[in-house]
Amino acid sequence: MTSKWNYCPLTSDEQEAESRLAQRYSGVPPISELLAERGISTVEEAEKFFHPSLRDLHDPFLMPDMDRAVARLNRAMGSKEKIMVYGDYDVDGTTAVALVYKYLRNYYSNIEYYIPTRTEDGYGISRSTIDMAADNGVSLFIILDCGIKATDEVAYARGLGIDFIICDHHVADEVLPPAVAILNPKLDGSTYPCSHLSGCGVGYKLMQAFAISNGLGTADLEGLLDLVAVSIAADIVPMVGENRVLTYFGLKRLNSNPNMGLRAIIRTCGLSGKEITISDVIFKIGPRINASGRMQSGKEAVDLLVSRDASDALAKAKEIDRYNQDRKELDKQITDEANAILEEHAASLADKKAIVIYNKNWHKGIIGIVASRLTELYYKPTVVLTYAGGLATGSSRSVQGFDVYGAVDSARDLLENFGGHTYAVGLSLKEENIPEFTRRFEEYVTTHIRHDQLRPTLDIDAYLTFAEITPDFLHLLRRFNPFGPGNSKPVFCTRSVKDFGTSKLVGKQNEHIKLEVVDDTSGKVINGIAFNAAGYFDHIHSGKPFDICYTIEENKRKSLQPIQLMVKGIFRR
């Protein structure tokens with residue numbers, strides 16, 4: 001159970017917005033507060049939020065360099081040049097490559113795709129790949145979800161007569177690669193309205209612009225939104241604005257008519273016939289696509305996602321599922337080893353604000369996951385390093401509100417390469433530089449991190465009574481989907497609830513509590529589950545009041561109560 005709860009009352013501007021919205025949603029008081037928290041201030045904006053439309057997607061030509069990118073792509077196709085679609089080996093990169101390749105092959109045949117391997121090629125673009133492409137007559141690269149820092153490599157390719165269109169969303173350096181076009185909504189000076197597209201989202205905007213320039217319809221594009229939704233969910237980009245629209249319709253596609261490769265993964269996950277949610281993408285679909293690039297080759301994931309044969313797709317999905325099983329076993333092993341090291345040095349680490357840990361024998365494809373687990377466990381910015389290709393290479397992850405990219409960037413003179421986002425950065429450096437990097441990373445974190453950022457908090461969106469959990473409220477709450485950063489699933493707090501007398505311990509070791517609780521506002525008995533909360537059971541079972549923080553989950557089975565509370569925190573009164 002998270003120990004610190006945080007409720008931020010509405011600002012004066014938000015209170016004014018809430019008052020306006022309350023006139024429309026008077027029967028469901030918490031809804032207007034939730035909308036105001038999300039920056040929605042009018043009924044018109046609220047209705048637009050509740051009813052996403054593809055008409056709300058932005059003009060792709062608002063993105064700088066888009067006209068140049070489309071012109072170069074059209075010229076290549078008109079001249080029958082050979083095009084290489086190239087991307088990162090993670091979920092975002094492989095879905096992006098699959099999307100662009102699938103769309104363009106409808107209109108052009110002299111096109112192929114390539115995904116680098118972690119162990120042989122490394123992250124991004126390598127000269128060896130450029131040489132291979134040149135030998136095969138490639139004259140245009142479309143780079144997806146990487147490339148923004150490949151200045152030397154793109155310059156080298158230009159010398160061989162190869163042009164680049166870079167579609168990326170990572171933070172850029174001051175000097176940009178000499179590409180024909182760079183599509184990146186995060187670039188300084190970009191006025192594109194949605195600055196947080198996924199890499200696949202940028203690829204989608206390129207295809208949207210291509211379609212517009214050639215007078216093509218939208219049906220083929222809309223059929224690819226399932227791939228965009230998977231990328232947005234798996235890459236954990238903000239679920240606001242254009243991203244939310246793309247995900248909304250992508251989820252509809254996943255639940256109605258997903259592409260053949262995704263349909264095979266859905267079947268392998270055991271999700272066939274069930275409503276697929278963002279959580280399913282994050283915890284079931286995404287990890288299987290990722291496992292291909294972590295354990296073998298990301299190209300296998302693209303092979304699956306562009307497959308046109310159902311039996312072939314299912315066979316590939318089963319193989320990727322085996323990779324995922326292997327990944328989970330290796331993940332547990334390395335995480336246990338890392339924990340053992342940290343526990344051995346617990347005394348010296350206690351006062352440190354960051355973690356840097358290195359083991360040259362760890363699998364390169366797993367260390368990003370391990371960094372995430374250690375960050376969650378110790379709640380400190382964390383870097384996990386291993387040894388590959390003659391360098392220490394690794395991944396960093398951060399806690400809520402702290403910019404780990406800035407921390408890594410502060411030691412850039414020690415690094416061979418790095419890139420990423422506010423909360424996740426990949427990096428490589430010479431082994432002998434690890435001690436100094438560790439010192440400077442810790443120094444930067446200590447100087448810049450706030451004390452409250454080193455303690456997990458639970459942000460409360462609204463106080464709620466059980467009487468307010470009405471069918472109308474649940475109907476409107478459902479319209480807040482899809483959830484993600486910037487539009488998180490609302491967390492509610494109900495005060496002074498009591499055990500109905502039927503709550504009980506459950507789980508193999510009785511570590512969880514299955515709650516049946518009531519409050520003073522209605523006769524409703526509400527079910528809930530509190531994981532790893534057995535320490536609160538005696539207080540609850542005694543009949544004493546307590547406060548709970550929770551999200552509301554809907555039960556799809558008619559035999560069950562319509563909702564269940566997923567309890568995030570318990571406070572003894």
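This is a predicted model: local features need pLDDT of at least 70, side-chain atom pairs count only at pLDDT 80 or more; totals for chains, interfaces and linings use all residues.
1. Overall build. The protein chain carries 21 helices and 19 strands. For 573 residues, a compact globule would come out near 25 Å in radius of gyration, and the chain has 25 Å, so the two agree.

2. Packing. Buried residues account for 53% of the 573. Looking at contacts with a separation of 6 or more, 67% join residues 24 or more positions apart.

3. Where Asp 168 sits. You'll find Asp 168 in the loop that runs between strand E5 (163-167) and strand E6 (181-183). Beyond neighbours within four places in sequence, Asp 168 touches Asp 145, Cys 146, Gly 147, Ile 148, Leu 183, Asn 184, Pro 185 and Val 202.

4. The charge on Asp 168. This one is worth a look: Asp 168 is buried but has no salt bridge. The nearest side chain of opposite charge belongs to Lys 186, 8.0 Å away, and a salt bridge needs 4 Å or less. What Asp 168 does have is a polar contact, side chain to side chain, with His 170 at 2.6 Å.

5. Cysteines. Searching the whole structure turns up zero disulfides. Cys 8 is in none, its nearest cysteine sulfur being that of Cys 549 at 13 Å. Cys 8 is partly exposed, at 49% relative accessible area. Cys 167, by contrast, is buried, with 0% relative accessibility.

How values were computed: Residues are numbered from 1 along each chain as its sequence is written. Side-chain values use heavy atoms; hydrogens and water are left out. Helices (H or I, at least four residues) and strands (E, at least two) are DSSP runs, numbered from the N terminus. Buried means under 20% relative accessible area, exposed over 50%, partly exposed in between (1.4 Å probe, protein chains only). Lys and Arg count as positive and Asp and Glu as negative; His and the chain ends are not counted. A polar contact is a pair of N or O atoms within 3.5 Å; within protein, one must be able to donate a hydrogen and the other to accept it, and residues adjacent in sequence count only if both atoms are side-chain atoms. Contact means heavy atoms within 4.5 Å. A disulfide is a pair of cysteine sulfur atoms within 2.5 Å. The radius of gyration is taken over C-alpha atoms; the globule rule is 2.2 Å times the number of residues to the power 0.38.
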